[in-house]
Amino acid sequence: MVVQEDNPNSGENVEKTEPGTVVAEAAKIFKVEILHMIKDAQQQHGLRHGDFQRYRGYCTRRIRRLRKALKYPQGDKRHFKRRDVTITQLTGKKADERYIHIPLISAERAWAYAMQLKQESNTEPRKRFHLISKLRRACFYALQLQELCNTDAFDARTKLECEAYVAWMHGTLHFELQLWQSAGEHLKRAQVVYENLAAALPDDEQELYRAKVNEFTPNLRYCAYNISGGASGGDLDEILELRAQGVLENLDVLVSQTKTESSEGLQTIDWRGRKVTVRPEKVRLFLLSAQELDKSLAKATKLDAKIELIERILMDCKDAIQAVRDEIKQDPKLRSLTTGQTVSGVQYLLAYLSYIRHSRTLQRNLCLVEQAKLNFVDPNQQSDVVGDGKRVRSQDLARLYEIILQNVTEMQQINGMEEDAKYQSEVENLAITFKAFRCYYIALTLIDMKKWKEAVALYERASNYANEALKGKASQEFPQQSELKTLVSIIDGCKFSAHAYSVLEDDNSEAGTTTKAQKTTKPLYERLSQYKEDQSLHTKTPNVFKLTPDMEPIPCKPLFFDLAMNYVELPSLEDKLEQEGKKGASITGFVKGFLGWGGGGNK
């Protein structure tokens, strides 16, 4: 006995057998995104500029290459033998998805030829007959495609896209035949299918289908106008929609199957009310591990273990972000997939991964703060040191909060989230919260430096930040409300204490005294009128008196200069001088007496 089970991971039928039975090969389930495939081909081969002839030539060459690669020719070089694709080519061992491309590209070739003839029929009306013939041929290949897609070889999404494609092709034919009633029904049916298909897919894949729906609007309005004879066609839209839904009886079933397959085949993320498809395998694995991180953190009891877990996930997040960036580089069209203020899916996924990286980094830093507080003695809380590490200072905690604020700033600057007012308000409130803690620990640093006035100012600013953060909306991922309330109560007491110390310091400075220990070079005998706690007085060499006095400058001996001598008139001494005759005798006698001769003493 053979039992078939659907494997959602592989998309194939897995067979379980009993002993002794033969195992049949699992049937393949193909998934063909028809609208994506034909739109890409049209944009790359002429229809961007309205060149239908170029696109028709591409379709012809594409069919030739497909038949040659699949070894499925139509006859030989001399004789033509028609060979249509059947369900046999899509089942069995040699099943290949490329077989379904043959009728699809054939329908596109006939449609492109018809649109080319439509452009030429403006000057040559006879070509309208050829135009109708080619549209009939396109509808023939479309029905052939539908017959193949309605088998079990294709998934629900392919069936829906094929239904919409066939309805659109028949609506185009009937529109050219001016069969307004049937044309409106077919076009409305295609519109309904595409709308439901877009609703069942992620946000980043909906834009193409919604754009296709908008293409039907002018033709539907024109059909309604012709049916009503120029009157309003508002009631016709409702009738056509009901009839279209009635024609496609299995619409709800196929839509539900498409939702299931899209959720199983492509993992989606739901962040801030928007769903985005995750295509890179590395990103999927990272998101699965990120979901398990919170459970692991709840089980971890030590902060070191939590920090290590977060650092591991940060490394994986870095690789996931690089994988998304590589995908963007490989497909430049992903950069421009934006509509107005809406960010494209891949850009939104990149923004989500960047948010995870910054938020986990913030969580790691908060664990570091919690770890640092174990070795920090807060003078205002009278807390004891719990940890065994090095004693932490207040400036160390202030530095950690400075790093946290940098993380929050990076969260505000994530590409794609600048216009999200709700997100920006939450992050801004988070920044104000951490600014309050930073100001508090900077104030403690100033307290250690005895800068009381500056500390009072920072206490006041921290209190304002904390009260403002309490009024705002709290973050669900980083709740800090209880810590903020505790901080406000602590600051109220610390602020008055620091203010009292600043007033006391001002009074002591005015009185010329101080109660603090200060270093001074003056000896004790020079500062007897001031009280200072000089620890050097208790040492072996107290600074009491300088035994060697300092040299002092003194005035030198005065100098007198007799400047008035030149102006003094001296009295005359002529009367005291000897006469001229007595002057020679006296000199001779002096000489004789001095030499011992000429006198009477030798007699």
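I take helices (H or I, at least four residues) and strands (E, at least two) as DSSP runs, numbered from the N terminus. The model is predicted, so I note its limits: local features need pLDDT of at least 70, side-chain atom pairs count only at pLDDT 80 or more, and totals for chains, interfaces and linings use all residues. Residues are numbered from 1 along each chain as its sequence is written, and side-chain values use heavy atoms, with hydrogens and water left out.

**Whole chain.** I find 17 helices and four strands. Of the 603 residues, 39% are buried (under 20% relative accessible area; exposed is over 50%, partly exposed in between; 1.4 Å probe, protein chains only). I looked up contacts (heavy atoms within 4.5 Å). Among those with a separation of 6 or more, 62% join residues 24 or more positions apart.

**Helix α2, Arg61.** Helix α2 spans residues 52-69 and holds Arg61. I list Arg61 as partly exposed because its relative accessibility is 40%. Arg61 also belongs to a positive surface patch with Arg54, Arg64 and Arg65. Patch residues have over 30% relative accessible area and no salt bridge; like charges are joined within 9 Å, nonpolar side chains (Val, Leu, Ile, Met, Phe, Trp, Tyr) within 5 Å. A salt bridge needs a side-chain nitrogen of Lys or Arg within 4 Å of a carboxyl oxygen of Asp or Glu.

**Helix α2, Leu66.** I find Leu66 in helix α2 too. Leu66 is buried because its relative accessibility is 4%. Leaving aside neighbours within four places in sequence, I see Leu66 touching Arg98, His101 and Ile102. Its C-alpha lies 7.9 Å from that of Tyr99, 33 residues away along the chain.

How values were computed:
Areas by Shrake-Rupley, 256 points an atom, 1.4 Å probe, with all protein chains shown as cover. Lys, Arg positive; Asp, Glu negative; His and termini not counted. Charge placed at Lys NZ, Arg CZ, Asp CG, Glu CD.
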